[in-house]
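Visitor: Could you walk me through this one? I have the sequence and the model open.

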Amino acid sequence: MTTSSSERGVSLGMPELPAPAYPDDVRARLESDAREIISRYPDSRSALLPLLHLVQSEEGHVTRTGMQFCADVLDLTTAEVTAVATFYTMYRRRPSGDYQVGVCTNTLCAVMGGDAIFEELQEHLGVGNGETTGDGKVTLEHIECNAACDYAPVVMVNWEFFDNQTPDSARRLVDDLRAGVPVAPTRGARLCTFKETARILAGFPDERPGAVEESGSAGPASLAGLRLAKGETAPARVVHPRDGGPHEEPHDRKAHEPSPVEHPSSPEAPRDTSASDPSHPAGPAAEEGE
């Protein structure tokens with residue numbers, strides 16, 4: 001008795017069938033949006049990145065149909081489009097959840113607890129890296145850096161910041177997302193779905209009332225270096241020796257020791273984390289040997 005190559009799971013390298021086309025009404029709508037995007041650039045191929053976000057907003061990930069559409073409207077080959085879509089991690093290549101939950105596991109976040117958060121969420125949600133919960137709500141992934149080290153450990157949901165997280169607060173965060181409970185980032189506008197986020201990244205305005213005003217700016221810890229560069233005098237900050245003894249400044253003048261409220265970037269300062277855990281303070285740093 002013999003078995004066929006397909007039964008053995010062996011691919012014979014047969015070419016893929018052409019990508020199915022969008023329905024006529026969907027294609028017409030996307031073509032209208034694509035023309036608006038392309039008009040912003042002197043060279044049409046420069047519009048590829050926002051166009052990939054546009055097709056991602058349609059289906060929640062970049063499909064073969066979406067890549068064929070981008071190739072058609074930009075007069076590119078599908079190989080050229082695929083090369084870009086597979087290079088950037090913001091473009092999903094398979095179906096994903098309404099909320100992309102990214103846990104930073106790079107150096108500082110990992111040291112501050114990012115690894116523990118990621119392990120907790122994997123166990124709590126029952127998914128691995130890049131996988132989606134059965135209800136289609138949450139896709140979990142580890143991220144190399146969220147560019148928010150001053151608020152480590154950081155979790156992002158659809159690219160919005162949730163600062164100073166703990167395993168407990170992160171677990172409550174994903175539970176709220178799955179339950180449909182409104183959740184507010186520590187910085188930025190209120191959350192929207194991943195498809196809605198993709199359309200905003202394609203360059204279309206956020207049409208939710210008040211959302212633009214909610215976006216805000218960088219937090220105080222992020223702006224400390226900028227203030228110093230502008231010549232502003234930073235308040236004195238006293239760091240006591242490990243034994244807790246007093247620290248004298250030159251000329252025997254004891255410096256003012258600001259409270260945590262005066263220094264919101266201090267690791268001792270209590271902070272809001274997420275709407276699901278608004279009063280949780282940042283955890284204390286462990287002493288050596290603990």
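This is a predicted model: local features need pLDDT of at least 70, side-chain atom pairs count only at pLDDT 80 or more; totals for chains, interfaces and linings use all residues.

Visitor: Fine. What order do the five strands take in the sheet?
Guide: The order is S2-S3-S1-S4-S5, in an open sheet with mixed pairing. Strands (E, at least two residues) and helices (H or I, at least four) are DSSP runs numbered from the N terminus, and two strands pair if DSSP finds at least two bridges between them.

Visitor: Which strands stand at the edges?
Guide: Strand S2 (131-132) and strand S5 (160-162) do; each has a single partner strand, so one side of each is left without a neighbour in the sheet.

Visitor: And how do S1 and S3 run?
Guide: Parallel, with six bridges joining S1 (residues 99-104) to S3 (residues 138-143). Gln100 stands opposite Thr139 in S3.

Visitor: Which helix packs on the sheet?
Guide: Helix H6 (residues 114-125), which touches S1, S3 and strand S4 (155-157). Contact means heavy atoms within 4.5 Å. The direction of H6 makes about 155° with that of S3. Axes are lines fitted to C-alpha atoms, for helices over the stretch in contact, and angles run from 0 to 180 degrees between N-to-C directions.

Visitor: New topic. At what angle do H2 and H3 pack?
Guide: About 140°, with the axes of H2 (residues 48-59) and H3 (residues 64-74) 9 Å apart. That makes H2 oblique to H3; under 35 degrees counts as roughly parallel, over 145 as roughly antiparallel, 65 to 115 as roughly perpendicular and the rest as oblique.

Visitor: Which residues meet there?
Guide: Leu48, Leu51, Leu52 and Val55 in H2 meet Gly66, Met67, Phe69, Cys70, Val73 and Leu74 in H3.

Visitor: How many aromatic pairs are there in the whole structure?
Guide: A search finds three. Rings of Phe, Tyr and Trp (its six-membered ring) pair if their centres lie within 6.5 Å; planes under 30 degrees apart count as stacked, over 60 as edge-to-face and the rest as tilted.

Visitor: What does that pair tie together?
Guide: Tyr22 lies in the segment before helix H1 (24-38) and Phe69 in helix H3, so the pair ties together parts 47 residues apart in sequence.

Notes. Residues are numbered from 1 along each chain as its sequence is written. Side-chain values use heavy atoms; hydrogens and water are left out.
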